[in-house]
Amino acid sequence: TKDPNSAPNRHTAVHLFEWKWTDIANECERFLGPYGFSGVQVSPPNEHALIDGRPWWQRYQPVSYKLQSRSGSEAEFIDMVNRCNNAGVRIYVDAVINHMAAGGNRGSAGTSYNPGAKDFPGVPFSAWDFGDSLCKTGSGNIENYNDPDQVRNCKLVGLPDLLVSKDFVLDKIVEFMNRLINIGVAGFRIDAAKHMWPNDLNKLIGKLNNLPSQTFGNNKRPFIYFEVIDLGGEPIKNTDYTWMGRVSEFRYGKFLSEVVRKKFGQKLKYLNNFGTGWGMIPDGDAQIMVDNHDNQRGHGAGGDILTFFDSRLYKIATAFMLAWPYGYPVIMSSYNFNRNNDAQGPPSDGNGNTNNVIINADLSCGGGWICEHRWRQIYNMARFRNAAGFQPVQNWWDNGNNQIAFSRGNKAFIVINNDDHSLDQWLQTGLPQGQYCDIMSGNFEQGRCTGKVITVEGDGRTKVTISNSEEDPMIAIHVDAKL
Ligand code: LM2
Ligand code: CA
């Protein structure tokens, strides 16, 4: 389904990239649940290759479907899913099902395998389960993205390509995913979906179980979002997949980053029809993000994507994303890395054992964990999105340039100043008269505001002043943070 299967009034998920299951379980209880997040995309939970240096990408090289990975054991995974569901937070699994490992010989669950011979006894898959005979390129690899046959049937960067059209292969994948559904997982990111035939994926989805009714209600289907990088110019389109689920709309983060960076003459005012107005897929078909684990380090989709390295602009882009009613947002939650090393794994002891996430008194993270989702300007916007609900955009205002404002019906209102001069303006907020807490400059706690207080007059207007030199040149208010 395209429905994220969220608990009521939760609209923002977070990708806890490379986090351990024990940490995610704690995070659901102590933070994500209370702060109104809807779900967590987790790193691939199945057995993966162990590659020298322990790069993050070893997890995109499956060895078997045993649930023992760098993030933890099967028991820890089950405990996490239960505790997160109890906290009102859904788990979405990154399902790597297009291929198996190209490197290594012993997996994270201890299984021996031979990638050269395509022998993966932990599943088991053997040479017969891979599609080499269907691939017509000289190298056996994908060489030309203008040829859909090779994009689907040949090897992606040398990774042995599974014959998903074969019943035995499909059934092993279905068995794996149904095991996860029975544990209580609410959905899947389908990794490398561009490299699988839509009809095979449709067959696969049709064989998935309903979600457990005691947690989700009767007849609920798993949420599916396909990773199909479509920035235009290739014969494979994201719309080849939207009839079966959502698709990651990579144009969203690319275009939004360009606008906030003011590249190619872009301006914030052009965002007034962001979404289909910019040639993107329909709202209900899209899963969106500013950046993801690939393009923040130069893998996957191209473009000058904003990341935590550009924190000020990143907060602006994220605030717009969460205020604007389009798509299902997944916030990237990163660990710090050396930009000259695109393989660097998560904070660890040097032997491939991932460190615990450190939580500071001010809610931020330490120990090399960035935790964008714990930045005040970001977690407060997740609450803004919940307060805005399904209200439409109203009261759009712009100065013809990089100052914009809009409301979400009569529930929430945001102003952004990305020009290099200050904003000084009476604006219509659409909100009821009263005093509101600006959730960019502070928090609304126990009925009090630690940031700026914004007064909305009886006619719904307020006088807004935002200097361009402010750390966060934005103001955001909503009815759930009214004084
Ligand atoms: C994805 N989406 O389609 C993931 O989002 C992306 O992170 C995965 O690539 C990719 N598909 C395959 O699941 C990553 C990483 C690659 C890495 C692969 C496999 O971006 O760089 O490739 O995982 O681990 C690595 C080496 C590459 C080598 C390959 C096979 O970087 O040089 O190719 O392993 O040995 C010869
Ligand atoms: Ca394939």
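This is a predicted model: local features need pLDDT of at least 70, side-chain atom pairs count only at pLDDT 80 or more; totals for chains, interfaces and linings use all residues.
**Exercise 1.** Find how many disulfides the whole structure holds and how the bonded cysteines pair up in sequence order.

*Solution.* Start with the search of the whole structure, which finds four disulfides. Next, number the bonded cysteines in sequence order: the pairing reads 1-2, 3-4, 5-6, 7-8.

**Exercise 2.** Work out the handedness of the disulfides Cys135–Cys154, Cys365–Cys371 and Cys437–Cys449, and say what is known of their surroundings.

*Solution.* Let's take them in turn.

- Cys135 and Cys154 have their sulfurs 2.0 Å apart. With 100 degrees about the S-S bond, this link is right-handed. Cys135 sits in the loop between β3 and α3, and Cys154 in the loop between α3 and α4, so the pair ties together parts 19 residues apart in sequence. Both cysteines are buried.
- For Cys365 and Cys371, the S to S distance is 2.1 Å. The torsion is about -90 degrees, so this disulfide is left-handed. Cys365 and Cys371 are both buried.
- Cys437 and Cys449 are also joined, S to S 2.1 Å. Here the torsion is about 70 degrees, so the disulfide is right-handed. Because Cys437 lies in strand β15 and Cys449 in strand β17, the pair ties together parts twelve residues apart in sequence.

**Exercise 3.** Decide whether Ile181 is buried or exposed, and list its contacts beyond four places in sequence.

*Solution.* First, locate Ile181 in helix α4, residues 167-183. Its relative accessibility is 0%; buried means under 20%, so Ile181 counts as buried. Its contacts beyond four places are Phe188, Leu208, Asn209, Asn210, Leu211, Pro212 and Pro222. Finally, check Asn210: it is 29 residues from Ile181 in sequence, with 7.7 Å between their C-alpha atoms.

Notes. Residues are numbered from 1 along each chain as its sequence is written. Chains are lettered from A and ligands numbered from 1 in the order in which they are written. Side-chain values use heavy atoms; hydrogens and water are left out. Helices (H or I, at least four residues) and strands (E, at least two) are DSSP runs, numbered from the N terminus. Buried means under 20% relative accessible area, exposed over 50%, partly exposed in between (1.4 Å probe, protein chains only). Contact means heavy atoms within 4.5 Å. A disulfide is a pair of cysteine sulfur atoms within 2.5 Å.
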